[in-house]
Amino acid sequence: MESPLFIPIIPATQLPIALFLIYITSKAIYRLYFSPLSSIPGPKLAALTYWYEFYYDGYKGGKYTFKVKEFHEKYGPIVRINPHHVHINDIDFYDTIYAPGGTKHPRNKIRWLAMDLDSMFDTYDAALHRKRRAAVASPFSKQAIRALEPAIFEIIYDSISRLKGLAGTDTIVNVQAFWSTLTQEVIGQYCFGASRMSDLRGGNDEAQYMQPDHVAPNLHAWGRMFPSLFDFITKIPMSVFAVFDKRFLGADAFEKEIGAQIRKVLKADEPHIGIKNVFHEMRDSKHLPPEDKRFNYYQGEAASFVAAGTDTTASALTTLTYFLLANPSILRKLREELRTVMPNSVTELPPTSTLENLPYLTGVIQEGIRLSFSVPGRLPRTAPNEELVYKGYKLPPGTVISQSSYLHHADERVFPEPFEFKPERWVNDADFSVRRNFLAFSRGARSCIGINLAYAELYPVVAAVFSRFELKLYETSARDVEFASDRFISHRPEGSQGVRVQVVSAAE
Ligand code: HEM
């Protein structure tokens with residue numbers, strides 16, 4: 001006889017639904033009241049479900065960073081922004097998260113981007129990352145980048161003659177596309193020696209300067225929500241997508257060309273342009289684990305260098321181009337300073353080390369980087385082996401913790417009138433507070449390895465272009481440099497055509 005205890009109170013057909021409801025209710029109760037993060041301030045809905053973050057980042061398109069700023073204004077410097085992620089807005093705690101020093105305090109990354117490349121950038125484990133980074137530390141050093149100077153200058157002179165060719169014409173130049181061509185050529189030179197990435201893009205056809213900025217969905221937010229789907233999609237070769245959409249043809253050609261370049265470089269014995277090529281370095285490195293010395297890893301590394309080093313530097317250049325042209329008095333001051341080292345504007349560029357000593361030029365470049373908000377948002381880290389404590393709040397090992405450079409770079413206590421372009425703030429930074437709060441390249445073991453390369457491009461480009469050319473903004477306003485969407489890198493408002501200029505004249 002069946003025991004009364006087994007009398008089904010729920011019809012069998014509805015049992016799965018009932019179990020599901022019990023599961024999500026207990027999960028919700030746990031997240032809100034029993035999770036080790038439950039005492040951390042923040043909106044209950046964000047603590048309850050990942051869909052809250054996804055609504056702002058995936059559905060509304062990269063808007064959660066702005067929401068997080070509001071949370072801090074309401075709840076204070078520590079906020080729980082999703083069930084397992086704590087955001088802190090405090091410069092004094094930045095290094096505890098990102099640069100604790102030594103190997104005793106490892107900081108792991110979590111998967112954050114849609115694509116999960118086989119690369120140093122996407123290495124989550126601190127110990128493996130250390131080995132991979134050591135393998136390329138030398139070619140990214142200041143000394144190695146200095147050796148690249150003649151090659152960088154050659155690319156800059158090429159771009160200048162292209163601009164010169166447009167002087168006095170009606171051609172409208174999309175500045176971001178123009179600078180991206182230059183920065184991509186530098187990365188091509190850096191990674192592969194003599195080859196030119198622009199060859200992949202069908203030469204230096206004027207049409208490419210006209211491309212409007214793309215307004216794409218925030219793939220990273222979708223990737224975070226549906227990682228398996230993205231893993232599946234990213235395994236499909238670009239050539240398959242290209243069958244359905246011709247726009248993928250460029251990416252397909254790019255992928256193939258990167259592969260061909262790596263094979264070619266690895267076969268060649270001669271180092272290029274005075275430094276050992278980055279792929280020779282990896283191949284010969286004693287730091288790189290033997291399992292990494294394979295084509296796929298080199299290819300992932302190359303793709304990540306191109307992705308990380310192209311649009312970031314180009315968008316700093318684009319931002320400062322806009323602000324210099326919109327503020328003639330700043331441009332005048334810059335030119336006066338440039339004349340001290342380039343008395344005749346058409347003379348050859350002085351060494352980058354000379355340019356780096358110019359305080360106003362430095363202020364212009366720093367403001368360009370700051371206001372481009374290149375990598376504006378959360379850079380999540382975990383401390384796998386230690387509990388971190390912030391203002392009495394305990395963050396157990398493995399808690400996802402982040403800060404966002406946007407919140408620091410727009411902090412009016414450090415940067416009064418934060419959205420104004422003021423090179424002087426860098427010149428008058430007597431107490432170093434401006435420099436201390438500058439986080440564009442992050443800090444610590446995972447900070448930008450390309451920082452020396454970025455400055456080695458920025459200084460001579462700004463000096464060369466703004467000493468020689470009269471440029472005029474074309475149908476461009478402050479809105480076209482506004483940070484409107486955080487898709488790991490910042491995007492401009494929808495409908496923006498980007499910063500566009502016409503070349504009025506060029507010094508002979
Ligand atoms: C203004 C220009 C640039 C900015 C603002 C910038 C910013 C950053 C930031 C914030 C990170 C840390 C990302 C994270 O924690 O997930 C990073 C990492 C990185 N950047 Fe840059 N970057 C710039 C230029 C470059 C250039 C020119 C390269 C050249 C290849 C480059 C290559 C990389 C790489 C490979 C990493 C990963 C480093 C690692 O995981 O150890 N970046 N960058």
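In which loop is the place of Lys391? Select Lys391: its place is in the loop between β6 (388-390) and β7 (393-395). Helices and strands here are DSSP runs (H or I of at least four residues for helices, E of at least two for strands), numbered from the N terminus.

Before going on, note that this is a predicted model, in which local features need pLDDT of at least 70, side-chain atom pairs count only at pLDDT 80 or more, and totals for chains, interfaces and linings use all residues. Residues are numbered from 1 along each chain as its sequence is written.

**Two residues with positive phi**

Stay on Lys391. Its phi is positive, about 45°, although Lys391 is not a glycine. Most residues other than glycine have a negative phi. Lys391 counts as exposed because it has 10 C-beta neighbours inside 10 Å. The cut-offs are these: a residue is buried if 20 or more other C-beta atoms lie within 10 Å of its own, exposed if 12 or fewer, and partly exposed in between, with C-beta atoms placed from the backbone.

Now select Phe373, in the loop between α19 (359-372) and β5 (381-382). Phi of Phe373 is also positive, near 45°. Is Phe373 buried or exposed? Phe373 is buried, because 26 other C-beta atoms lie within 10 Å.

**The ligand and its shell**

Select the ligand and the residues around it. The shell holds 25 residues, and the closest are Ala308, Gly309, Thr312, Cys448 and Gly450. A residue is near a molecule if its C-beta atom, placed from the backbone, lies within 6 Å of it. By type, the shell divides into 15 nonpolar, 8 polar and 2 charged residues. Here Ala, Val, Leu, Ile, Met, Phe, Trp, Tyr, Cys and Pro count as nonpolar, Asp, Glu, Lys and Arg as charged, and the others, Gly among them, as polar.

Which helices each supply at least two residues of the shell? They are α15 (295-309), α16 (311-326) and α23 (451-468).

Colour α15 next. The largest share of the shell, 4 residues, comes from α15. This helix has 15 residues and reaches 21 Å from its first C-alpha to its last, close to the 21 Å expected at 1.5 Å a residue. The expected span is 1.5 Å times one less than the number of residues. Buried residues in α15 include Tyr298, Phe305, Ala308 and Gly309.

From Ala308, move to Cys448. The two are 140 residues apart in sequence, yet 8.9 Å apart in space, C-alpha to C-alpha. Cys448 is found in the loop between α22 (433-436) and α23. It counts as partly exposed because it has 18 C-beta neighbours inside 10 Å. Not counting residues up to four places away in sequence, Cys448 touches Phe441 and Ser442; a contact means that the C-beta atoms, placed from the backbone, lie within 7 Å. An unreviewed UniProt entry carries the annotation "binding site" for Cys448.

Follow the chain into α23. Its end C-alpha atoms are 26 Å apart, which agrees with the 26 Å that its 18 residues should span. The helix is mostly covered, with 13 of its 18 residues buried.

**A three-stranded sheet**

Select β4, β12 and β9. These 3 strands form an open sheet in the order β4-β12-β9, with antiparallel pairing. β4 (173-174) and β9 (469-473) stand at the edges with a single partner strand each, so one side of each is left without a neighbour in the sheet. Strands pair if DSSP finds at least two bridges between them; 5 bridges join β9 to β12 (residues 500-506).

**A helix in the open**

Go to α1 (residues 15-34). It has 20 residues and reaches 27 Å, close to the 28 Å expected. The number of buried residues in α1 is 0, so this helix lies largely in the open. Ser35 has its place in the loop between α1 and α2 (44-48). Ser35 is partly exposed, because 17 other C-beta atoms lie within 10 Å.

**The whole chain**

Zoom out to finish. The protein has 23 helices and 12 strands. Buried residues make up 38% of its 508 residues.

Definitions and conventions
UniProt positions are given in the numbering used here, feature names are shortened, and annotations may be inferred rather than shown by experiment. Two residues are in contact if their C-beta atoms, placed from the backbone, lie within 7 Å.
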